[in-house]
Amino acid sequence: MPTVVLMAKSTYVWLEQLSKKYLRHIHRLDQIPDEELHLLADRGITGLWLIGLWERSVASRTIKRLRGHHDAVASAYSLKEYQIADDLGGNHAYENLRDRAARTGIRLASDMVPNHMGIDSNWVIEHPDWFLYRWESPFPVYRFEGPDLSTDSRVEIKIEDHYYDQSDAAVVFRLRHHRDGATRYMYHGNDGTTFAWNDTAQLDYSKAAVREHVIQVILHVARLFPIIRFDAAMVLAKRHVQRLWFPLPGTGGSIPSRSENAMTQEEFDALMPHEFWREVVDRVAVEVPGTLLLAEAFWLLESYFVRTLGMHRVYNSAFMNMLRDEENAKYRSYLKKTIEFDPDILKRYVSFMSNPDERTAIDQFGSGDKYFGVCTLLATLPGLPMFGHGQIEGYTERYGMEFKQAKMEEWPNESLVARHQHEIAPLLKNRRLFAESTNFVLYDFWTDHGTVDENVFAYSNRSHGQRAVILYNNSYGSTRGTIHFSAASVDKATGHLRQRSLSEGLDLPYNYFTFFAYRDTAHGLEYLCRSTDLHHTGLSVDLRGYQYAVLINWRELHATAEQPWDQLFDALNGAGVYSVEEALSKLRLRPLHEAFRQALSDNNIRAFATVAAELAAVQTTSPSAKLPTTKSASPAPTPIERPALDPRLQPFVKCSQRFFEKVLQAQPAEFEQTPAPSDHRAAADTPSPTYLTLCETMAKAATHLIAISKNFSTTLPPTVSNFLPGSKAALPTEQLWAPVLAWITLHSLPHHDQADLFDKLQLRSALSETFTAIGMEGENTWRAAARVRILLSQTDTSPAATRTEKLWSDPDVRWLAGVNESSGNTYFNKEGFEELLGWLQLPALLKAAEQSPTDADSVTNLNASVLMACQSAQKSGYNLGLYLAPEPSTTDEEDPTSAPELTTASVSKATPALKATPAPKATPEPKAPLALKENSAPEKPAKPTGEAP
């Protein structure tokens, strides 16, 4: 199980938290919801350590309550018996949880407490000789006059009186058997560092029978749990059993009164000839293979447990302590010494930012960049990452081993959870890339001043065809430097120390025309580098305080005529992009995008605005030129030939024609036997209009928009006309006309699915950049691009179409209309809807303007239909479900939208397939993106050049 990611849970506390979360009583293991198991798996967790599963000591609970903890349960490490606690549902509930967890890819882990048992356990009562004891009290001041803690009629159990008022901490408790009156003073469990654990009894490991019995219990636990965590394993190392309980003569001993049990080294070796843990590891490997054994070991015994005792995994407390205190040089030295001796030791470490005996992770590391930087190391260093209870949620309370429930009312920190899900969970799910140490390489980070910055952790790893480079600056100050050559590590094949270059560590080929793309997951950017540059000069990086970078998804690319990666490399000049493949496509499309931008130049936009304003002024001063506002019974006027296109608009048409020619060059297959848009399709016996003809026709019609808008919007909410050119427009002229001209340029393309072509040509980002150049800012550029695409994608843009599911299934429509969920209902924004509704009428307004004279009735009826849609939206309370609900049918005379001249279906193109892409929105520049480039490239700030998400 090399890729395990362990999550610790205090079982009783977790069940109470789940009860609060799911609003039902959850107190047994089989009641833990499947949703919670799936949530853990989604966060990258593959091992669940349930603390406190075993049947606990009743005496332990009594002691804690007598000392004032009235809601306490027994300590999770004071055990009565190794069986699943009855109040957790027993073995049946455990097996149910185990099987369901396995289906989500999660293995269950359990504690094993081999050093001691609860003072009232069956082992103590039935086998007192298995424990360390004496027949008389070790100190005359000890008093045992408090309550009897035994619930078994066979014995009396009392702890020393001074425990209750916390004025002393005795090393023994009194056990008296009623049958024969035998009274023993049993030693409490003790590690010699602080007070004895007053609810435990210390097992005697000098006895072979005791050691064998404990091993049998370990095998029993291994048959239930695939992962076992050994509590306080270091105290059972042979040297510490001797130091604590059987000291050498004259040394005094670490436990008060045990000097009386001193013995020589030979005497002790005769009683305990072998290391207990070595025998455990060997026996488990034979009898329950596949079990993962974790040891909680401190006192600088980590390497000994791995190298000599063969323990599969061992606690690495230096990770938490040194990184928290920013003793970076010490921890880098710790890593260097490890890989100089044996790099494989790294993969045996259990690293953590908190554990049940320590302060919470958020207390030690905060919730900002330092937390996530250290968490990135946790997720990407070889070994086993372990997360504390509540760490991902940002809980601040440390749960004692006797807690029945949390004492603080806390809810998950949603921003912390979301950032973990975005940045850390993907790394945990890819642990097979990071867990092993065979290809792990640790680098020195050389600054421009020729010194190593010890605050920066830089390393690489590779596995199963994947590569990764990790960098993290564990300090407040910014830095810049280069990783090129590694720290020395032992070559296990030769036994010699060797250094490796970055290119060796990543196994990169040497070829001038070979490039590598990689992604910085912290910022979502991809970079391109030349293989030979990485060989010669390594990788240079700028890192601000507590900044981290995870460079993965390394892909080998070869420059060819069809794939000019060398040209893209030169064009990017070290900058990051959201996708190098997309950037290469944009490089190919650059001439096309430039032609598009020229069509939407400031001069062309101003020319349209000027001509349209002049025509509107002429119609205002000439009564005969004004549009009629009511229907006339007189015969229809004789059609009048429209004047030729104003010469001032010819540059726009010519630029649009050049754009069309670039489109043909870029996508020739798209236009083979492709019909023109449906609204301009010629009769069967006439040839289809050319692009130039279509563009000129719509351009001439567009010059009448200001005049038409006066009649169109008189009775409508002002927001309806926000994005239509008019005499009283709220936006600057250029920002109103640019999207109109963009739609004319694109809608003239003789293609059956213009929205699909829009996406293939990556015109959304090109439009956004163009709109930015004319003064639009931020998200408004992407919104304007979305409005253009909506007109290209929708078959019917009439007011009646806004009451169809088809229109609202468009992600752009939902985004612009501000669709949101609240209390199970779907709503849309009033202003956003009215603005979009007005914009959707652009095709119909241009169609009316193409008539000579202008079709005034169509404009009047369109006005009425838009007003009716606004009123219906208001009546629905802007509830989308109610707005889309069918209303009672009306006669044609009553419903102005039924007039055939009002629909824009006749002027729209053929129906495209709906796309399920998410609604695009403004793509902000990444916050302080990582400046990553090979050393040969000049410095340039990294910035995104990708499409909107």
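# Aromatic pairs, barrel and sheet in a predicted chain

Phe 372 counts as buried because its relative accessibility is 0%, where buried means under 20% relative accessible area, exposed over 50% and partly exposed in between, with a 1.4 Å probe and protein chains only. Tyr 371, at 2% relative accessibility, also counts as buried. This is a predicted model, in which local features need pLDDT of at least 70 and side-chain atom pairs count only at pLDDT 80 or more, while totals for chains, interfaces and linings use all residues. Residues are numbered from 1 along each chain as its sequence is written, and side-chain values use heavy atoms, with hydrogens and water left out.

The chain has 949 residues, and 57% of them are buried. Its secondary structure consists of 35 helices and 29 strands; these are DSSP runs numbered from the N terminus, with helices (H or I) of at least four residues and strands (E) of at least two. Of the contacts with a separation of 6 or more, 74% are between residues 24 or more positions apart, contact meaning heavy atoms within 4.5 Å.

Rings of Phe, Tyr and Trp (its six-membered ring) pair if their centres lie within 6.5 Å, and planes under 30 degrees apart count as stacked, over 60 as edge-to-face and the rest as tilted. Phe 608 and Trp 737 make a tilted pair, because their ring centres lie 5.9 Å apart with the planes at 35 degrees. Phe 608 belongs to helix H22 (residues 602–621) and Trp 737 to helix H26 (residues 733–747), so this pair ties together parts that are 129 residues apart in sequence. Both Phe 608 and Trp 737 are buried. Elsewhere, one aromatic cluster is formed by Trp 54, Tyr 82, Tyr 94, Trp 123, Trp 130 and Phe 225.

Arg 184 lies over the face of Tyr 133, 5.1 Å from the ring centre. Arg 184 is part of strand E10 (residues 183–187), and its relative accessibility of 10% means that it counts as buried. Apart from its neighbours within four places in sequence, Arg 184 has contacts that include Asp 129, Tyr 133, Trp 135, Phe 173 and His 177.

The next feature is the barrel. Its 8 strands close in the order E1-E2-E5-E12-E13-E14-E15-E16 with parallel pairing, and the twist from one strand to the next averages 30 degrees. Two strands pair if DSSP finds at least two bridges between them. E2 (residues 47–51) and E5 (residues 107–112) are parallel and share 4 bridges, with Gly 47 having Arg 107 as its bridge partner in E5.

E15 in turn runs parallel to E16 and is joined to it by 3 bridges, where Val 350 has Leu 384 as its partner in E16. Helix H14 (residues 369–380) lies across E15 (349–352) and E16 (384–387), at about 135 degrees to E16; axes are lines fitted to C-alpha atoms, for helices over the stretch in contact, and angles run from 0 to 180 degrees between N-to-C directions.

E18 (residues 456–463) and E19 are antiparallel over 8 bridges, one of which sets Arg 462 against Arg 467 in E19. The two strands form a hairpin with 2 residues between them, and His 464 in the turn has a positive phi of about 50 degrees. E19 (residues 466–473) is mostly covered, with 7 of its 8 residues buried. E19 also pairs with E26 (residues 548–558), again in the antiparallel sense, over 4 bridges, and here Leu 471 is opposite Ala 549 of E26.

Technical notes:
A charge sits over a ring if NZ of Lys or CZ of Arg is within 6 Å of the ring centre and within 35 degrees of the ring normal.
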